[in-house]
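Student: I have a model open and want to walk through its architecture. Can we take the helix contacts, then the sheet?

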Amino acid sequence: MFLDTIIRDKVYKGTLETLEFRGEPCVINTINAHSYCVAKYDHVFANALKHSDVLLPDGFSIVLANKLLFGSKIEKIAGADIHAHLLKIANNEKKRVFYLGASTTTLDLIEERIKKEFPNIIVSSYSPPFKASFSKEDSTQMIAKVNDFAPDFVFVGMTAPKQEKWVHGQVDKLNVKVIAQIGAVFDFFAGTVQRPSSFWRNLGLEWLVRAVRSPRLIRRNLTSNPKFIAEMLSFKFFKRGVL
């Protein structure tokens, strides 16, 4: 059952403070209701999530599923949360950080902010081609950019499931310690998109505010959230999924 293998057995149950990086590279992914629904049909994406070293519960729906189905109370950890946590570590320990994804404009804003707020971090970035999938030549260039910089932490922001599938296929070629795939956080941190306030995040409604601001997200959530709820209820009462 996918709810068993992903939600119960794979999703991270600790806090940011108890997070440990075991082995190199450590691949950090996130999961929410939408990515769960996509992974049910996209087996490459599902495999990437299953092979995460750390799979963070980036959604109230995932937190709720753990509680209702498996009696496990866990903390929601968004991509923005792991990003902030790793930047704090990187600054304290004078580490090298690389951003892979987004436009050069967004990356320039990110680097500018890093240099102001985290002066001990050595930062670099690369904007890969904007396309649905990468060619072998694209991937070779991306890997070279990362490895030439030799970062401790790599943040990947190319939207799901493209970013997870690419990292899963190329991770053995990347000479890094930690890879965190954080999608929209690039825009949040750059300031090109405003993240919902802590008020909405604490209510578990960050997804709703983001959806209101973006018609694309409204359509996505109106499709994925009901599907996830149906899946959760079917598993609870019949021990099987419906997707």
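Student: Which residues of helix 3 does helix 2 meet?

Tutor: Keep in mind that this is a predicted model. On the helix 2 side, the contact uses S35, V38, A39, K40 and Y41. By class, the contact holds six nonpolar, two polar and one charged residues.

Student: Why is helix 2 called oblique to helix 3?

Tutor: Two packed helices are described by the angle between their axes and the distance between the axes. Here the axes of helix 2 (residues 33-41) and helix 3 (residues 43-50) lie 6 Å apart, at about 120°. Angles of 65 to 115 degrees count as roughly perpendicular and those over 145 as roughly antiparallel, with the rest such as this one oblique. So the angle of about 120° makes helix 2 oblique to helix 3.

Student: What is the strand order of the open sheet?

Tutor: The open sheet has six strands with parallel pairing. Its edges are strand 2 (54-57) and strand 4 (122-126), each pairing on one side only. Reading across, the order is 2-1-6-5-3-4.

Student: Which residue in strand 6 is the bridge partner of F153?

Tutor: Strand 5 (residues 153-157) pairs with strand 6 (residues 178-181) in the parallel sense, over four bridges. F153 has its partner in strand 6: V178.

Student: What angle does helix 8 make with strand 6?

Tutor: Helix 8 (residues 162-170) packs on the sheet. It touches strand 1, strand 3, strand 5 and strand 6. Its direction makes an angle with that of strand 6 of about 160°.

Technical notes
Residues are numbered from 1 along each chain as its sequence is written. This is a predicted model: local features need pLDDT of at least 70, side-chain atom pairs count only at pLDDT 80 or more; totals for chains, interfaces and linings use all residues. Side-chain values use heavy atoms; hydrogens and water are left out. Two strands pair if DSSP finds at least two bridges between them. Helices (H or I, at least four residues) and strands (E, at least two) are DSSP runs, numbered from the N terminus. Contact means heavy atoms within 4.5 Å. Axes are lines fitted to C-alpha atoms, for helices over the stretch in contact, and angles run from 0 to 180 degrees between N-to-C directions. Angles under 35 degrees count as roughly parallel, over 145 as roughly antiparallel, 65 to 115 as roughly perpendicular and the rest as oblique. Ala, Val, Leu, Ile, Met, Phe, Trp, Tyr, Cys and Pro count as nonpolar, Asp, Glu, Lys and Arg as charged, and the others, Gly among them, as polar.
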